[in-house]
Amino acid sequence: MNSDTNSPLSVLVVGESWIKHTVHLKGFDQFHTTEYEEGAGVFLAALEAAGYKVTYIRAHEVSSRFPVTREELDTFDVVILSDIGSNSFLLCDETFQRSERTTNRLVLLADYVEGGGGLLMAGGYMSFSGIDGRARYQASPLASVLPVTMLDRDDRVEVPEGLVATFPNPDHPALGGTPADWPILLGYNQLKAKPGTTVIAASGDDPLLVAGEFGSGRSVAFASDVAPHWAPPEFVNWPHYAKLWSSIVSWAAGG
């Protein structure tokens with residue numbers, strides 16, 4: 001973690017990218033196309049505009065670029081995981097392709113939080129338990145340091161008609177003074193707040209934004225998305241979007 005209070009916060013963002021392989025059927029004939037896409041653009045720009053030093057690791061780069069030592073990880077004040085499943089950290093190239101022992105990156109990340117680091121997990125189909133339960137963080141080392149209890153099944157709540165968040169703690173510093181009046185969201189991962197944590201925003205009885213302290217560090221769970229599809233243009237283009245995320249990250253870093 002950054003010990004120099006005058007230097008900008010250093011943030012590591014992981015995930016929010018994907019590859020689409022599409023089959024086109026045209027009568028008797030078919031062909032395939034492959035596309036690479038990223039969804040983190042507006043989110044990354046918001047953090048950079050706040051003056052944070054941002055390092056971005058795309059989903060397919062986790063095995064080669066995610067830190068494997070505490071010394072590397074401690075250069076960051078906050079680690080953000082968004083729409084990237086636990087298998088990407090556990091089935092790295094060394095183990096999956098070559099059957100070699102290597103660092104458990106999620107154990108390392110949990111130790112980092114206990115030792116004073118900040119962690120934010122944002123929602124998505126490959127966050128928390130995830131679609132069909134495939135993200136599997138409920139069975140991972142991060143279950144001990146995230147401020148929420150995750151389900152043992154598909155945890156998605158799809159709200160195509162749009163949901164309006166409520167704010168049990170509208171003055172929490174993680175909101176940074178932004179209005180407790182978010183634009184609509186279109187879904188979220190269903191979670192339960194752990195005892196001793198703070199539910200800042202909710203949808204009915206389900207938490208949307210939860211903050212907690214674990215060991216010497218802090219962790220935050222945002223149950224919805226930072227980008228489409230659960231975060232529609234109304235949310236991403238909200239005038240307070242950048243301030244909201246810079247405030248959440250600042251709180252996670254201990255500020």
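**Entry 1**

Is asparagine 189 buried or exposed? I looked it up: asparagine 189 counts as buried, at 0% relative accessibility. My cut-offs are under 20% relative accessible area for buried, over 50% for exposed and partly exposed in between, with a 1.4 Å probe and protein chains only.

Before going on, I wrote two reminders inside the cover. This is a predicted model, in which local features need pLDDT of at least 70 and side-chain atom pairs count only at pLDDT 80 or more, while totals for chains, interfaces and linings use all residues. Residues are numbered from 1 along each chain as its sequence is written, and side-chain values use heavy atoms, with hydrogens and water left out.

**Entry 1: the whole chain**

I began with the helices and strands, which are DSSP runs numbered from the N terminus (H or I of at least four residues for helices, E of at least two for strands). The chain has eight helices and 13 strands. Its radius of gyration is 18 Å, close to the 18 Å from the globule rule for 255 residues, so the chain is as compact as a globular protein of that length. That radius is taken over C-alpha atoms, and the rule is 2.2 Å times the number of residues to the power 0.38.

I also noted the span of the C-alpha trace along its principal axes, about 60 × 45 × 35 Å. Of the 255 residues, 49% count as buried. The chain exposes about 11,600 Å², and carbon and sulfur atoms supply 50% of that; the areas come from the Shrake-Rupley method with a 1.4 Å probe, and for residues only the protein chains shown count as cover.

Next came contacts, meaning heavy atoms within 4.5 Å. Among contacts with a separation of 6 or more, residues 24 or more positions apart account for 68%.

**Entry 2: the core**

Which residues touch the most other members of the largest nonpolar core? I found Phe66, Leu81, Tyr137, Leu142, Trp182 and Trp245, in a core of 75 residues. Helix α8 (residues 241-252) gives the most to this core, with seven residues. A nonpolar core here is a set of buried Ala, Val, Leu, Ile, Met, Phe, Trp, Tyr and Cys residues joined through side-chain atoms within 4.5 Å.

I then picked out tryptophan 182. Leaving aside neighbours within four places in sequence, tryptophan 182 is in contact with Ala165, Phe167, Leu175, Ala201, Leu209, Phe222, Phe235, Trp238 and Leu244.

**Entry 3: back to asparagine 189**

Asparagine 189 lies in strand β9 (residues 185-189). Setting aside residues up to four places away in sequence, I saw that asparagine 189 touches Gly123, Gly124, Ser127, Phe128, Gly130, Asp155, Ala223 and Trp230. I also checked phenylalanine 222: it is 33 residues from asparagine 189 in sequence and 8.8 Å away in space, C-alpha to C-alpha.

Two of those partners got their own look. Phenylalanine 128 is in the loop between β6 and β7 and is buried, with a relative accessible area of 0%. Phi of phenylalanine 128 is near 55 degrees, a positive value in a residue other than glycine.

Aspartate 155 sits in the loop between β7 and β8 and counts as buried at 0% relative accessibility. Not counting residues up to four places away in sequence, aspartate 155 touches Ser127, Phe128, Ser129, Gly130, Tyr188, Asn189 and Gln190.

Where is arginine 153? I found arginine 153 in the loop between β7 and β8 (156-163). Arginine 153 is partly exposed, with a relative accessible area of 44%. With residues up to four places away in sequence left out, arginine 153 touches Ser129, Gly130, Gly133 and Gln190.

Isoleucine 131 is in the loop between β6 (118-122) and β7 (148-150). On the same terms for sequence neighbours, up to four places away, isoleucine 131 touches Tyr125, Met126, Asp154 and Arg156.

Glutamate 16 has a positive phi of about 55 degrees although it is not a glycine. I placed glutamate 16 in the loop between β1 (10-15) and β2 (17-26), and at 3% relative accessibility it counts as buried.

Histidine 229 lies in the loop between β13 (217-222) and α7 (233-236).
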